[in-house]
Structures are given as C-alpha cells and as structure tokens.
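This report covers one chain, its contacts with a partner chain, and two local sites. The sequence and the structure come first.

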Amino acid sequence: MFRFRKTFLYSVLLLFSCQLASQSLVVNSGTQLESVTLNAARAIFSMRLKQWPDGFPITVYVLSDTSEIHRDFTRNKLLMFPHQLRRSWDRYVYSGMGIAPIELKTEQEMMEKVASTPGAIGYLSKEFKDDRVRAITIQ
Amino acid sequence: MIEFVRSPFSKLLLRCCCLLVLLIVTRAAADTDTVRWHGFASQGVIKTSDNNFLGDSEDYSWDFTDIGLGVSWRPVSKLQLSAQVVYRRAGETSPDDPYIDYGFINYSIVNELDWGIGARAGRIKNPFGFYNETRDVASTRPSVFLPQSIYPDTLRDLYHSSDSVSVYGYSEWDKWLMNVDLVRGQPNLNDQSASILIPGPQGGDIDNEQLWLARLLFEYDAGRIRIGFSFVDFSGDLYPEQLPTSPSMAFRNIYSGQTSAQMRLLSLEYNWEHWQFTTEYLRNTRRYSDVFGAGSRLSFDAESYYFQLRHQITLNWSVLGRYDVYYPNRDDKNGHSSQPSFDGYSKDLTLSTRYDFSPAWMVAAEIHQIKGTAWLTSLENPDPRDLVEDWNLYTLQVSFKF
C-alpha cells in the first residue's frame, strides 16, 4: 500500500512537471508559419522584431513577470531569464524607442486575444481547441 | 551637416517636439490600440555626514524627486512618435520646472530578423553606456544612485539628451547581436550647465554647442554577455562673465574661448540567473583654448571606473556592492594642484538593497562610504574650505512606475 502511494505520488509529480514544461508558443492562425527559430522567438518577445516576414505587424501578449507560466516559458522555450526580457522592455519604453508587450491577467484572456488579433503571438500551458489559434515550434 | 544642426534648425526641432506632443495627445483620445502611456515617480531622502549632494543633504535633503509621463504612438509598425515630460528636483543642479525630456519621430527603415536600420529626429536620450537612456526611471537603475564617476547626477543635464538626428541599426549573426547608434546634434544646456562647464565661480553663456555620439553594443545569447563602446565628442564656445580684476582675487580670471570634451567609454556586463557583474571604464579629455588667456591651450584627462556585483536573493529582493573611482585629472591622482587636494579624487564604496513590492512599486536604500569630493559641485558646496575628505551618504527611495 505504502509503495503504491509512493508510485502514485511520483506519477502525479511527473505528470505535473510534464505539464509545466509543455507551454506552447501560439500564434493567430492567420500567420502562415509552422515554426520560428530560437533567435526569432527571442527577437519577437524582446520586442526588437516588429513584423512578420510578410510585413504584417506582430502583436505580442504576455502574462505578468511573476506568473509561473511566463517564467517557465521564458526559461524553457526562450532559454532566457525573465529579467532579461523585462530589461529590454523597460529600455524600449522609457527611452521612447519601442513598446512593451501587452500584459494579460489570465491564460483564458491570452487564448481569446491571440484568437481575435491578426498577427498575434503568445503562449499557453494548457491544451486548447480553437481553430483561430495555432501552436508553432521553436527550432 | 554642421551648419544644418546649428541653432535655427534646433529651434525648429524643439517646436516640432512640442507639436508632436500635442499631436499625440489629441490622437490618443481617439485611438487606444496604437497609443501607449507610461509614467514613473520617485521620491528620495538624502543624508550626508558632511558636504552637500543634491540639496542641503547634511540636514536631510528631500530635494530628490523624479516624475515623468510619456506617450508613444505607433500608427504603423515602422513608424513611432514618442514624447516624455519630466519634472525633476535635484538640489541646485537642475531647474525646477517640468520640461520635454524627449520627443522624436522614429522610422524603422528595415526591420528583418538578422538586420535592421532606422532613423530618428527630435529630442532624444543620448545612447551612452548601459544606463543613460533610462537613467531617470528609478526601477531601471541597479542602485538608487548610478555610479557618479560615469553618470554624475550633478552633470546629468549636460549629457542626458540632445536635439539631434540619429541613425541606428542592428545585425545578428549566430548568438551575437550588434547594435549601432550614431547621433549628431545639440545638447540641451541650461544656466546650471553653463556654470558647471565654465571653470571658476563666474557664470556665463555657452554658444555653438555641438555633440557627436556613437555607441556600439554587442550582446551574446540574448544579453547574457554585453559589451559596449561609447564615444562622445562635445564642443562649444564659452563666454564667461568678466569679473572686475582685483589683486585679492583667489582664482585666475578666465576669458572667452573654446572648450571640448572627448569621452571614450568601455562597458562590460555578465548575467547569471541570480548574479550580475557590471564594470565600465571612462576616459574624458577636456580641452580649453584661449579660456585661461589668449593663445593658451590646456587639457585635462579624467579617468572613471567602477566594478559592481548584484545578487538577486529572491524574486523581489536584491543586494548590490560597488566600488567607484573618479579622477578629474589622471595626471594628478593625489590632487596636488586641487584645492583642497582631496578634490582631486572620489572613491565611493556603495552597499545597496532593493525590495520590489510589486511590478509597480519598489523601495531601495543604500550607504556610500566616500573618500574625496571630486564629483561634488561648487554650486552646492560654494566654499571649498567647508569640504570634508571622508564622508558618508545615506539614502532611501520609494518609486512607482507603469
């Protein structure tokens, strides 16, 4: 019984950590891309790259700096520290050279915004079923 | 080009800035998608054991306030108009009125993944070193005060912004990103800057002031390593007020002439997840022609550097240690020709801590143990006999941003 409980606990932990590591990069389905390079993903989220290859403006959505989903996405997918992104945004905003991403409160809101905004990009940690949002890979 | 940037053009630029702000503000009401507002406010209190820094700090100075409100409008992804108004109180070293801190039009000509180029015109924040462009926003500074040897708060108004035209670009190869900024224009001087630039106690005017600026910034692995080179060339004509000559005069009289400053700054930074190491080294050569008498040529070579280590203890709480050194004349590091001799150097050991209550609110406190008075200004310490060599500075600051 004890062993069973231990195994059960490990499986739950394993499941939980898989879920954490499985944030996916998502775009509005109008964007005709299957994947982006790591450099491109970093350039988009740090707000240096302002448009898609076809010239359409990119709208970047993020969750707050303190959100676990944001922190895990930044670390595991962009392979950056969250404070690096924050510094880049602050430099753009307060020097007037650029803008920061639009910050949303919940994943649900992220889902809806990416679905309804042409050229939008964001991330989700949950499975989703919406034709207007597409997960793309980072190479 | 030089003629182009002189006075009539810069006056036009200033007017354009003002027009720009009006344009954006009226537009903002109608279009909330492409208009973004930002702002910040901070209030600090300074206490020094001796000497004055930003106000009457021997007796607790509250004269340390920054308030800013900015707006940017991006009607299409390649074009952005940005402006910011700042109100700043900094003892005797800054005027007490709100002013247009920046206001420019920015056109991104090419914005590809691996390279880009753009141009801007108007009043811009000078790209100099790691911190100058956002130096008024407390939360972007690693400590309450930036290292005074390189970012002196008493000289901020001299170097922080200019009415300029600028081109910039970036290029990416593998994990390296190179950023280039070139600026040509006129620095924003005020009455205080004139009395700081003109050697000796008399005020006066500065005319024909011009600025060249270039910065190369290399970033490896999205900013894990950052290496910067900044070059500044400033020149202007000095017209000091003539004082009646008297045999009892304690200082040399000075005359109309030219001054220039060439700055070379090397910046290095390494980022770990919870640690950050930063160092910068600056050489500043100031030249005076005819100022100390017809035909005279004098030059001083200043040296500044600091080492800084920052540790993020938790998500909200960080500590920082820094050693910061400044020699206004590196050929005279012991200050033999300074009056008093310890005005020939400043060595500042800083311990700082910061707590972020939320993304918007933070509080920071720090202690400086300082030897020498080289980066203090005579505007706030008029009598050199009152200066003290070994002094401490304590400060506490609350700040807000959105």
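## Chain B overall

Two residues are in contact when heavy atoms of each lie within 4.5 Å. The model is predicted. By that contact rule, residues 24 or more positions apart account for 61% of the contacts in chain B with a separation of 6 or more.

Chain B contains 16 strands and 4 helices. Of its 402 residues, 54% are buried.

## Interface between chain B and chain A

On the chain B side, 42 residues are in contact with 30 residues of chain A. About 3300 Å² is buried between the two chains, with carbon and sulfur atoms giving 50% of that area. There are 5 salt bridges between chain B and chain A. A:Arg48 and B:Glu172 form a salt bridge, in which the closest N and O atoms are 3.0 Å apart.

Six strands of chain B are named here because each supplies at least two residues of the side that touches chain A: strand 1 (35-48), strand 2 (64-76), strand 3 (79-90), strand 4, strand 6 (161-173) and strand 10 (257-271). The largest share, 5 residues, comes from strand 4 of chain B. By class, the side of chain B that touches chain A has 15 charged, 15 polar and 12 nonpolar residues.

## B:Asn106 in strand 4

B:Asn106 lies in strand 4 of chain B, which spans residues 99-111. Its relative accessibility is 4%, so B:Asn106 counts as buried, the cut-off being under 20%.

The side chain of B:Asn106 makes a polar contact of 2.6 Å with the side chain of B:Tyr168. Leaving aside residues up to four places away in sequence, B:Asn106 touches A:Met97 in chain A, and in chain B it touches B:Lys78, B:Leu79, B:Gln80, B:Ala119, B:Arg120 and B:Tyr168.

## Helix 2 of chain A

Helix 2 of chain A (residues 38-45) is largely enclosed by the rest of the structure, because 7 of its 8 residues are buried. The buried residues are A:Leu38, A:Ala40, A:Ala41, A:Arg42, A:Ala43, A:Ile44 and A:Phe45. Just after this helix, A:Met47 takes a positive phi of about 80°.

How values were computed: Residues are numbered from 1 along each chain as its sequence is written. Chains are lettered from A and ligands numbered from 1 in the order in which they are written. This is a predicted model: local features need pLDDT of at least 70, side-chain atom pairs count only at pLDDT 80 or more; totals for chains, interfaces and linings use all residues. Side-chain values use heavy atoms; hydrogens and water are left out. Buried means under 20% relative accessible area, exposed over 50%, partly exposed in between (1.4 Å probe, protein chains only). A polar contact is a pair of N or O atoms within 3.5 Å; within protein, one must be able to donate a hydrogen and the other to accept it, and residues adjacent in sequence count only if both atoms are side-chain atoms. Buried area is the accessible area (1.4 Å probe) that two parts lose on being put together, summed over both. A salt bridge is a side-chain nitrogen of Lys or Arg within 4 Å of a carboxyl oxygen of Asp or Glu. Ala, Val, Leu, Ile, Met, Phe, Trp, Tyr, Cys and Pro count as nonpolar, Asp, Glu, Lys and Arg as charged, and the others, Gly among them, as polar.
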